[in-house]
Every structure is written in structure tokens, then in C-alpha cells.
Amino acid sequence: MRILLLLLLCAGCGAQPAPLMFGGARHETVVDGHRYTVYRKANQVEVIREGWAAPGEHANIRATMVAVVPWLTGCDVLPSTVRGDSGEMRARVTCPKGRR
């Protein structure tokens, strides 16, 4: 019974968006061995890094999180709106016409 409960709990793990991002488009990629999930809804994005990161990797991970947004969504991050850390980051984006 305990094993079943543990399996059910683990099945719910993974990148889940914040309630604000429910219904947003989901994109996934792997860069330098780290898995990133990006949710975009209107002019908002949320980037989630899954897995463990070594202490010296966090600055590069934050830069990668910002860089994957235009690659996956076609929208540019507004730097002054970036909030969060190397595990979960939110920002506003500006998208070319047709990408709204």
C-alpha cells in the first residue's frame, strides 16, 4: 500500500504551472543537460527548470531560462519584469504581431 501511495505521489511530480498560467501554451526543451518547461499565456511566461543544479550553475541557468523563451515562443522577454530564481522564473514578454 505504501509503495502505491509513493508511486501516486511521484506521478504528480513534474513541471506544473502556477494557477495564473493554467491554459497557457506549454513548451519543453533540454539545454546543457537541464530540462526546462516554458508556459506562455498572453504576455506572460513562466519558466521552470526541473532537476538538480550544482551551486556554481545557477547564474548560467538563469541566463538560459531567459534565452529559451524567444527560442520556444517567438516572444522577447522584457528584462525589467524578470522575477524568480534558477528553479522558477516569471516575466512579461512582447510578441510580434501574429504571436499574441
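The mean pLDDT of the chain is 87, and 83% of the residues score at least 70; pLDDT is the predictor's confidence in each residue, on a scale from 0 to 100. This is a predicted model, in which local features need pLDDT of at least 70 and side-chain atom pairs count only at pLDDT 80 or more, while totals for chains, interfaces and linings use all residues. Residues are numbered from 1 along each chain as its sequence is written, and side-chain values use heavy atoms, with hydrogens and water left out. Over residues 4-12 the pLDDT stays under 50, and the model has zero contacts beyond four places in sequence for them. A contact here means heavy atoms within 4.5 Å.

The chain contains two helices and six strands, arranged along the sequence as α-β-β-β-α-β-β-β. Helices (H or I, at least four residues) and strands (E, at least two) are DSSP runs, numbered from the N terminus. Of the contacts with a separation of 6 or more, 42% are between residues 24 or more positions apart.

The chain exposes about 6500 Å², of which carbon and sulfur atoms supply 59%. Accessible areas come from the Shrake-Rupley method with a 1.4 Å probe, and for residues only the protein chains shown count as cover. Of the 100 residues in the chain, 34% are buried. Buried means under 20% relative accessible area, exposed over 50%, and partly exposed in between (1.4 Å probe, protein chains only).

Which residues have the most contacts inside the largest nonpolar core? They are Val47, Met65, Val69, Val77 and Val93, in a core of 17 residues. Strand E2 (34-41), strand E3 (44-50), helix H2 (58-73) and strand E6 (88-94) are the elements that give two or more residues to this core. H2 supplies the largest share, five residues. A nonpolar core is a set of buried Ala, Val, Leu, Ile, Met, Phe, Trp, Tyr and Cys residues joined through side-chain atoms within 4.5 Å. The contacts of Val93, leaving aside neighbours within four places in sequence, include Arg40, Ala42, Val45, Val69, Cys75 and Val77.

The model also holds one cavity of 30 Å³ or more, and the largest cavity has a volume of about 30 Å³. Its lining consists of Val45, Val47, Met65, Val66, Val69, Val77, Met89 and Ala91. The elements that give two or more residues to this lining are E3, H2 and E6, and H2 gives the most, with three residues. On a 1 Å grid over the protein atoms alone, a cavity is a set of points where a 1.4 Å probe fits but cannot get out, and lining residues have an atom within 4 Å of a point. Grid points are joined across faces, edges and corners, and a volume is the space filled by probe spheres set on the points.

Helix H2 also contains Pro70. Pro70 is partly exposed because its relative accessible area is 30%. Not counting residues up to four places away in sequence, Pro70 touches Cys75 and Asp76.

Thr29 belongs to strand E1 (residues 25-31). Is Thr29 buried or exposed? Thr29 counts as buried because its relative accessibility is 11%. Beyond four places in sequence, Thr29 touches His34, Arg35, Tyr36, Val68, Trp71 and Leu72.

Most residues other than glycine have a negative phi. Asp32, in the loop between E1 and E2, has a positive phi near 50°. With a relative accessible area of 70%, Asp32 is exposed. Ala42 is found in the loop between E2 and E3, and its phi is also positive, at about 55°. Ala42 counts as exposed because its relative accessibility is 54%. Ala42 and Arg92 are 50 residues apart in sequence, and their C-alpha atoms are 9.0 Å apart in space.

Conventions. On a 1 Å grid over the protein atoms alone, a cavity is a set of points where a 1.4 Å probe fits but cannot get out, and a pocket is an open set with protein on both sides within 12 Å along at least five of seven lines; lining residues have an atom within 4 Å of a point.
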